[in-house]
Amino acid sequence: MKVKQCLVIGLGRFGTAVATTLYELGHEVVAVDIEEEHVQAVTNLVTHAAILDATDERALRSIGAGDFDEVVIAIGTDIRANILATMGAKGLGATHVVCKATDEISARVLEKIGADEVIRPEHDMGVRVAQRLAGVKRKDA
Ligand code: ATP
């Protein structure tokens, strides 16, 4: 297995699950959040955790956001912060940026500005549950 260098921005429930699971699976994970207590909660569960405002391009540059194999932007509510973080990471050269969105319009905006993948956790999980209950076979299952 190739050990991937991963950056997870935003440590709510979704970002924390992504960061700690990638780490448990053997990957290198840098996890950042603007809130100190969210950072402290994952300190021992990832490779490196730090307080960082992802809307600040200089801060993204200082952690080498363009050099990670995977960048996950797990900021849902503050779409402005999500957009700036996505533009910042892509502008610094990140090759695969996965963004969390809370609604369809935000998802479309994030795709337009260069997100490589956009996830809507509640929506996507709702679709999956419905497909499973209806017995629909998924192509990627
Ligand atoms: P979840 O559903 O994953 O628990 P949430 O909807 O409660 O998330 P979000 O608004 O999606 O909360 O924010 C997720 C995380 O992103 C929070 O921990 C928040 O502190 C962090 N965050 C918000 N803005 C920034 C920013 N500018 N830079 C870094 N982290 C940020």
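Which residue in strand 2 is the bridge partner of Cys-6? It is Val-29. This structure is a predicted model, so read what follows as computed from that model.

Start with strand 1, which covers residues 5-9. Strand 1 pairs with strand 2 in the parallel sense, over five bridges. Strand 2 spans residues 28-33. Strand 2 also pairs with strand 3, residues 48-51, again in the parallel sense. Four bridges join strand 2 and strand 3.

| Strand pair | Sense | Bridges |
|---|---|---|
| Strand 1 and strand 2 | parallel | five bridges |
| Strand 2 and strand 3 | parallel | four bridges |

Is strand 2 mostly covered or mostly open? Strand 2 is mostly covered, with five of its six residues buried.

**The helices between**

Helix 1 takes up residues 13-24. Together with strand 1 and strand 2, helix 1 makes a right-handed β-α-β unit. Helix 2 takes up residues 36-42. With strand 2 and strand 3, helix 2 makes a right-handed β-α-β unit as well.

**Lys-100**

Why does Lys-100 count as buried? Its relative accessible area is 16%, and buried means under 20%.

What does Lys-100 touch, leaving aside its neighbours within four places in sequence? Its contacts include Phe-14, Ile-73, Ala-74 and Ile-75. Gly-76, Asn-82, Leu-110, Ile-119 and Pro-121 are in contact with Lys-100 too. Gly-66 is 34 residues from Lys-100 along the chain, and 18 Å separates their C-alpha atoms.

Notes
Residues are numbered from 1 along each chain as its sequence is written. This is a predicted model: local features need pLDDT of at least 70, side-chain atom pairs count only at pLDDT 80 or more; totals for chains, interfaces and linings use all residues. Side-chain values use heavy atoms; hydrogens and water are left out. Buried means under 20% relative accessible area, exposed over 50%, partly exposed in between (1.4 Å probe, protein chains only). Helices (H or I, at least four residues) and strands (E, at least two) are DSSP runs, numbered from the N terminus. Two strands pair if DSSP finds at least two bridges between them. A crossover is right-handed if, with the strands pointing away from the viewer, the path from the first strand over the helix to the second runs clockwise. Contact means heavy atoms within 4.5 Å.
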